[in-house]
Amino acid sequence: MSNYRYQNEAGGGERGYRGIEVRTFVSTCVKYMIFMLNFIFWLFGGLLLGIGIYAFKDKWEQANGGVRLETIYDWILNISLVMIITGIVIFVVSFAGCLGALRENTCLLKFYSMYLLLFFLMEMAIAIVCFVFPQLMNTFLEKEFTETIIHSYRDDPDLQNFVDFAQQEFKCCGLSNAGYQDWGKNEYFNCSSPSVERCGVPYSCCINATDISSGLVNIMCGYGVQEHTVVAASKLIWTSACIETVRVWAERNLYVIAGIALGIALIQLLVIYLAKTLEGQIELQKSRWASLESPIYESGAHS
């Protein structure tokens with residue numbers, strides 16, 4: 001930087017030194033770039049937090065306070081809670097970046113860059129496992145989440161909407177290799193259930209769930225499908241498992257996904273670099289001020 005500050009003769013101005021030329025090492029460009037980026041993410045975090053709180057409140061009222069949060073999977077699969085936690089993290093970290101850059105506070109900038117680095121390492125670890133060991137990730141997801149998601153399908157409206165969206169978007173039904181037979185683990189779709197949905201699957205599994213003429217969704221289109229063979233069921237519903245379908249889709253779009261992931265990683269590294277650069281500039285400025293305040297410097301200036 002080539003910015004300089006001059007002191008006035010009355011002893012005011014920059015730290016009260018007369019006629020001393022003081023160089024500022026803090027880059028205004030870097031400082032306000034970090035501030036603006038984090039201000040945008042701070043607003044996004046606040047919005048995400050607000051939506052999550054509203055959704056959780058609505059769910060709590062509908063369930064009369066009966067929202068189940070007994071296991072870690074209940075927390076992970078509760079979309080409104082995930083939004084709240086994610087919103088809090090983004091809100092706090094980006095606020096630290098905003099305030100740290102604006103106030104030139106090295107403690108907040110260290111906190112900010114440390115958490116950004118932690119997020120970056122976590123993302124890289126997940127990406128490596130997904131790309132290098134796809135079958136291992138596939139097996140883990142099937143083992144840990146299939147029964148929980150299938151069991152909770154009717155209990156959590158947010159999860160139900162998410163599952164329906166995924167099954168319609170990826171043209172699949174069920175999660176594990178059992179495919180549409182996974183829905184037999186749900187108490188409503190189980191063949192021993194007294195429900196009218198017994199031996200059925202959600203409407204989102206159906207190939208033609210929406211009536212073309214009326215535009216209405218036939219929620220009964222998957223009733224009794226579990227009693228059919230795979231060949232017979234494939235004429236009515238999608239029979240492929242969703243986890244395997246998503247894995248195949250990811251392999252087909254590997255370069256696009258890798259490019260997006262690389263772009264996000266480079267942006268994160270750039271922001272970490274800018275934060276560490278600003279932190280170093282502030283420390284350098286502080287050491288400059290300390291040298292101006294030292295008795296040796298003052299005696300040299302008056303001689």
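Visitor: What span should the 35 residues of helix 1 have, and how far apart are its end C-alpha atoms?

Guide: Helix 1 covers residues 28–62, and at 1.5 Å a residue it should span 51 Å. Its end C-alpha atoms are 51 Å apart, which agrees. Please keep in mind that this is a predicted model.

Visitor: What follows helix 1?

Guide: N64 follows helix 1, and the phi of N64 is positive, near 55°. Helix 3 has a residue like this after it too: E104, just after that helix, takes a positive phi of about 55°.

Visitor: How do I read the packing of helix 3 and helix 4?

Guide: In general, two packed helices are described by the angle between their axes and the distance between the axes. Here, the axes of helix 3 (residues 79–103) and helix 4 (residues 106–132) come within 8 Å and cross at roughly 140°. That angle makes helix 3 oblique to helix 4. The crossing of the two helices is left-handed.

Visitor: Which residues of helix 3 and helix 4 meet?

Guide: On the helix 3 side you will find V89, V92, V93, A96, G97, L99, G100 and A101. From helix 4 come L108, L109, F111, Y112, Y115 and F119. The residues of this contact divide into 12 nonpolar, 2 polar and no charged.

Visitor: Where is C199, and is it buried or exposed?

Guide: C199 lies in the loop between helix 6 and helix 7. With a relative accessible area of 1%, C199 is buried, because buried means under 20%. Look at its backbone as well: C199 has a positive phi of about 60° although it is not a glycine.

Visitor: What can you tell me about K171?

Guide: K171 is also found in the loop between helix 6 and helix 7. Its phi is near 55°, a positive value in a residue other than glycine. K171 has a relative accessible area of 48%, so it is partly exposed.

Visitor: Which residues is Y223 in contact with, leaving aside its neighbours within four places in sequence?

Guide: Y223 touches V196, E197, C199 and G200. Y223 sits in the loop between helix 6 (157–170) and helix 7 (230–233). Y223 and V201 are 22 residues apart in sequence, yet 6.3 Å apart in space, C-alpha to C-alpha. At 24% relative accessibility, Y223 counts as partly exposed.

Visitor: Let us finish with helix 8. Which of its residues are buried, and what do they pack against?

Guide: C242, I243, T245 and R247 are the buried residues of helix 8. They pack against helix 5 (134–151) and helix 6.

Visitor: Why does R247 count as buried?

Guide: R247 counts as buried because its relative accessibility is 16%, and the cut-off for buried is under 20%. R247 belongs to helix 8 (residues 242–252). Leaving aside its neighbours within four places in sequence, R247 is in contact with P134, Q135 and N138.

Definitions and conventions: Residues numbered from 1 in each chain as written. Predicted model: local features only at pLDDT ≥ 70, side-chain atom pairs only at ≥ 80, totals over all residues. Heavy atoms only, no water. Helix = DSSP H or I, 4+ residues; strand = E, 2+ residues; numbered from the N terminus. Buried < 20%, exposed > 50% of the residue type's maximum accessible area, 1.4 Å probe, protein only. Contact = heavy atoms within 4.5 Å. Expected span 1.5 Å × (residues − 1). Axes fitted to C-alpha atoms, helices over the stretch in contact; angles between N-to-C directions. Parallel < 35°, antiparallel > 145°, perpendicular 65-115°, else oblique. Left-handed = near helix turned anticlockwise from the far one by under 90°. Nonpolar A, V, L, I, M, F, W, Y, C, P; charged D, E, K, R; others polar.
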